[in-house]
Amino acid sequence: MGEEITVDKVMDLKGLACPMPVVKVSKGIKEVEIGQVIEAVTTDPGSLADFPAWARTSGNEILKTDQEEGVIRFYIKRKA
Amino acid sequence: MKDSAENKREVSPQGEAAKKMKNLEKQMGELKNQVEALAEASPENKIALIVFSGELDKVLAAFIIATGAAAMGMDVVMFFTFWGTPILRDKGKKVGGKDFMGKMFGAMLPKGTSEVKLSKMNMAGMGTAMMKSLMKKKNVASLEQMLELAAELGVRIHICEMSMDLMGFKREEMIEYPNLTFCGVAKFMEEAQNSKVQLFI
């Protein structure tokens with residue numbers, strides 16, 4: 001068992017195409033406090049590369065990425 | 001005489017230290033100026049896009065990059081020129097007082113985002129219609145939605161005054177967009193000079 005991640009906000013971004021997942025998550029993360037975690041759920045395969053790139057440039061941290069049956073879950077900690 | 005010689009010897013090391021300090025201060029001042037000049041010349045976290053094309057696919061690409069960059073925290077400026085200008089006309093607005101050429105251009109060029117066509121495979125509009133329905137199906141944002149999103153994200157839009165004049169467009173027939181700016185090449189260059197990324201689409 002890995003350590004538990006407490007999720008403060010869930011964002012359903014399923015079905016959205018580029019650039020919407022990144023645009024929405026960049027807005028959504030500003031709605032939680034620094035240190036809190038959001039779970040972003042996407043179906044866009046491009047987000048596998050896009051989310052880490054967005055996180056690096058915006059100074060946030062992706063704690064974990066889960067992927068099953070075309071659904072990708074990102075656990076992102078707001079750091080900036 | 002003896003007194004003054006002694007004084008001189010005593011004063012001189014202090015004088016030297018003071019001189020050195022002054023030199024150092026001067027160098028520090030110069031260094032500070034140089035660092036400030038460098039900071040001023042270094043690019044900001046900004047992207048400047050030239051939207052020269054007036055086709056659906058190319059303008060969509062420009063908007064995807066613009067909104068994506070804004071989401072990544074960048075300052076974004078889009079400079080619409082030549083074939084890109086008619087896209088920013090408002091379909092619902094009518095203006096009079098145009099000369100013959102102005103009327104011709106006005107009628108032949110797309111009026112607003114809804115009238116733009118694909119650069120390839122347009123097939124008399126069939127290709128564009130198919131692409132639009134495919135975009136809807138695949139949840140790709142339309143140009144109209146992109147424009148709205150861009151405004152929401154604070155993407156700045158500049159329009160080339162010379163293109164407007166050339167094609168006979170009037171300011172009153174352009175879309176409502178926050179802080180829409182009409183300008184020329186100098187304004188774009190000022191923005192481009194301190195941008196990290198510059199694109200021509």
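**Domains, sheet and chain contact in the predicted model**

Chain B is divided by the domain assignment into domain 1, residues 1–42, and domain 2, residues 44–200. The structure described here is a predicted model. In this model, the C-alpha centres of domain 1 of chain B and domain 2 of chain B are separated by 58 Å.

Chain B contains an open sheet of 5 strands, paired in parallel and arranged in the order β4-β3-β2-β1-β5.

The contact between the chains involves 12 residues from chain A and 11 residues from chain B. On the side of chain B that touches chain A, helix α2 (residues 56–71) of chain B provides the largest share, with 4 residues. By residue class, this side of chain B consists of 6 nonpolar, 4 polar and 1 charged.

In chain A, helix α1 (residues 20–28) has the buried residues A:Met20, A:Pro21, A:Val22, A:Val23, A:Val25 and A:Ser26. Elements from both chains take part in covering the buried residues of α1(A). From chain A they include β1 (9–13), β2 (37–42) and α2 (47–58), and from chain B they include α2 and α5 (143–152).

The packing of helices α1(A) and α2(A) was also examined. Two packed helices are described by the angle between their axes and by the distance between those axes. For α1(A) and α2(A), the angle is about 35° and the axes lie 10 Å apart. Their crossing is right-handed. From α1(A), the contact is made by A:Pro21, A:Val22 and A:Ser26, and from α2(A) by A:Ser47, A:Asp50, A:Trp54 and A:Ser58. The residues of this contact divide into 3 nonpolar, 3 polar and 1 charged. A:Pro21, A:Val22 and A:Ser26, which contribute to this helix contact, are also among the buried residues of α1(A).

Conventions
Residues numbered from 1 in each chain as written. Chains lettered and ligands numbered in written order. Predicted model: local features only at pLDDT ≥ 70, side-chain atom pairs only at ≥ 80, totals over all residues. Contact = placed C-beta atoms within 7 Å. Helix = DSSP H or I, 4+ residues; strand = E, 2+ residues; numbered from the N terminus. Nonpolar A, V, L, I, M, F, W, Y, C, P; charged D, E, K, R; others polar. Buried ≥ 20, exposed ≤ 12 C-beta atoms within 10 Å, placed from the backbone. Pairing = 2+ DSSP bridges. Domains from an automatic or database assignment. Axes fitted to C-alpha atoms, helices over the stretch in contact; angles between N-to-C directions. Left-handed = near helix turned anticlockwise from the far one by under 90°.
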